[in-house]
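Colleague: I am new to this structure and would like to learn how to read its features. Could we take them one by one?

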Amino acid sequence: MLVPFAEPIYVTRPFLPPLADYAAGLEEIWRNVRLTNDGPILRRFESKLARSLGTENLALFTNGTLALHLALRGLGIRGEVITTPFTFAATTHALVWNGNQPVFADIEPTTYTLDPSAVEAAITPRTGAILAVHVYGYPCRLEALADLARRYRLPLIYDAAHAFGVSVEGRPIGQFGDLSMFSFHATKPFHSIEGGLLVFGDGKQRRTFDLLRNFGLANETDVLLPGTNAKMNEFQALMGLQLLDHLDGIRERRRQIDALYRDQLGNLPGLRIPPAPSVHVTSNYSYFPVEIEPTEFGASRDQLCEFLKGYNVFARRYFYPLVPDFACYRDQFGAVPLPNARRVASQILTLPIYDSLALEDVARICAVIRSLERLDRSKRV
Ligand SMILES: *Cc1c(COP(=O)(O)O)cnc(C)c1O
């Protein structure tokens with residue numbers, strides 16, 4: 001007999017380091033009396049990141065959205081930017097804040113990242129850059145996009161908000177393209193409470209980002225750029241620094257959950273699971289999306305989502321609606337035909353996955369999903 005969970009199960013739950021560890025770090029902040037502005041803990045976090053990502057060309061920010069905004073600003077991106085409709089609002093908002101016109105190209109049907117042939121078809125003399133998203137941490141078609149960027153001389157920028165800890169053939173994913181943005185928001189698989197990271201190929205950009213995130217101030221009297229305030233503070237840096245030591249443990253727990261979902265849901269008619277990561281990819285298992293094909297499954301994605309809520313399980317429709325269908329964008333972009341993205345947005349549901357989710361709870365969530373699939377069609381929600 002399936003009963004609802006006593007406590008709600010959300011799609012994610014942040015990892016927290018042992019309180020004693022964080023408290024010890026707080027004592028250091030109290031001794032330093034440095035709370036923000038390039039403090040010593042931020043410096044330590046940056047050098048540890050540099051070692052693990054294999055590059056010194058990085059900069060930390062107070063969140064991923066401002067990091068992406070300043071990336072576009074710092075790289076001088078102008079005009080139209082070809083991007084994906086299947087993403088979180090911030091990807092597109094950053095373009096709009098920078099004065100760029102987003103041009104939406106369709107996604108791949110099974111891995112949900114930008115389709116390089118759709119990107120190529122959208123390139124015009126007005127195109128200023130390509131902004132692709134490693135959605136769910138799934139690597140984009142890295143070589144095909146790099147090839148386009150080279151042939152058309154376009155900057156290639158990655159929104160890697162979901163992809164911290166992902167590597168391809170042993171190379172950290174931030175080493176691809178001209179620049180990558182990682183989000184360290186509490187809901188991401190790695191976090192610094194709130195936070196953002198840029199990793200870039202050209203070391204000269206470091207100075208620009210240092211200026212942009214701190215009002216453009218070079219020193220007390222020289223203001224070199226109209227920057228903003230996007231600095232990461234010491235409390236954030238402390239969280240991020242301590243979490244780096246737990247990254248592999250978090251990844252392993254998520255891998256087990258991913259494997260159990262695949263095992264328990266893999267053969268359900270009408271429920272499609274994206275392919276497991278290839279042997280060349282080290283995944284971070286940041287999300288567990290499934291696609292519900294309503295006629296075969298016998299219930300729609302929204303019906304499954306509601307059914308799960310009845311058991312106190314809160315799956316999320318990431319990413320629905322598509323960005324061009326948002327109220328603030330649909331008058332401009334609503335008419336763009338994006339058949340793959342529209343189908344995926346109408347069928348996708350991301351299931352709970354986080355390090356502290358017990359495997360027996362995963363099995364129970366799967367049993368709830370299977371019980372809907374078996375339910376007499378006339379009695380379904
Ligand atoms: C979370 C997210 C962002 C924004 O990151 P914040 O750190 O929350 O500002 C940008 N793009 C995508 C795809 C995201 O999921």
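Modeller: Start with a contact between two helices: Leu304, Phe307 and Leu308 in helix 11 meet Ile365, Val368, Ile369, Ser371 and Leu372 in helix 14. Contact means heavy atoms within 4.5 Å. By class, this contact of helix 11 with helix 14 has seven nonpolar, one polar and no charged residues. Ala, Val, Leu, Ile, Met, Phe, Trp, Tyr, Cys and Pro count as nonpolar, Asp, Glu, Lys and Arg as charged, and the others, Gly among them, as polar.

Colleague: What kind of model is this, and how are residues numbered?

Modeller: It is a predicted model, in which local features need pLDDT of at least 70 and side-chain atom pairs count only at pLDDT 80 or more, while totals for chains, interfaces and linings use all residues. Residues are numbered from 1 along each chain as its sequence is written, and side-chain values use heavy atoms, with hydrogens and water left out.

Colleague: At what angle do the axes of helix 11 and helix 14 cross?

Modeller: Axes are lines fitted to C-alpha atoms, for helices over the stretch in contact, and angles run from 0 to 180 degrees between N-to-C directions. Helices (H or I, at least four residues) and strands (E, at least two) are DSSP runs, numbered from the N terminus. Here the axes of helix 11 (residues 301-309) and helix 14 (residues 359-374) cross at roughly 125 degrees and come within 10 Å. Helix 11 and helix 14 are therefore oblique to each other; angles under 35 degrees count as roughly parallel, over 145 as roughly antiparallel, 65 to 115 as roughly perpendicular and the rest as oblique.

Colleague: How are strands of a sheet held together?

Modeller: Strands of a sheet pair through backbone hydrogen bonds, either parallel or antiparallel. Two strands pair if DSSP finds at least two bridges between them. In this model, three strands form an open sheet in the order 8-7-12, with antiparallel pairing. Its edge strands, strand 8 (171-172) and strand 12 (281-282), each pair on one side only. Strand 7 (residues 167-168) is joined to strand 8 by two bridges, and Ser167 stands opposite Pro172 in strand 8.

Colleague: Is strand 10 buried or exposed?

Modeller: Buried means under 20% relative accessible area, exposed over 50%, partly exposed in between (1.4 Å probe, protein chains only). Five of the five residues of strand 10 (residues 196-200) are buried, so this strand is largely enclosed by the rest of the structure. Gly196, Leu198 and Phe200 point one way, Leu197 and Val199 the other way. Strand 10 pairs in the antiparallel sense with strand 2 (residues 58-61) over four bridges, and five bridges join it to strand 9 (residues 179-183), also antiparallel. Gly196 is the bridge partner of Phe61 and stands opposite Ser183.

Colleague: Which residue in the loop between strand 5 and helix 6 deserves a look?

Modeller: Tyr136 lies there. Tyr136 has a positive phi of about 60 degrees although it is not a glycine, and is buried, with a relative accessible area of 2%. Asn37, in the loop between helix 1 (19-32) and helix 2 (40-53), also has a positive phi of about 60 degrees. Asn37 is partly exposed, at 36%.

Colleague: Where are cis peptide bonds found?

Modeller: One joins Tyr318 and Phe319, with omega about 5 degrees. Another joins Tyr320 and Pro321, with omega about -5 degrees. Phe319 is found in the loop between strand 14 (313-314) and helix 12 (330-333), and Pro321 lies in the loop between strand 14 and helix 12.
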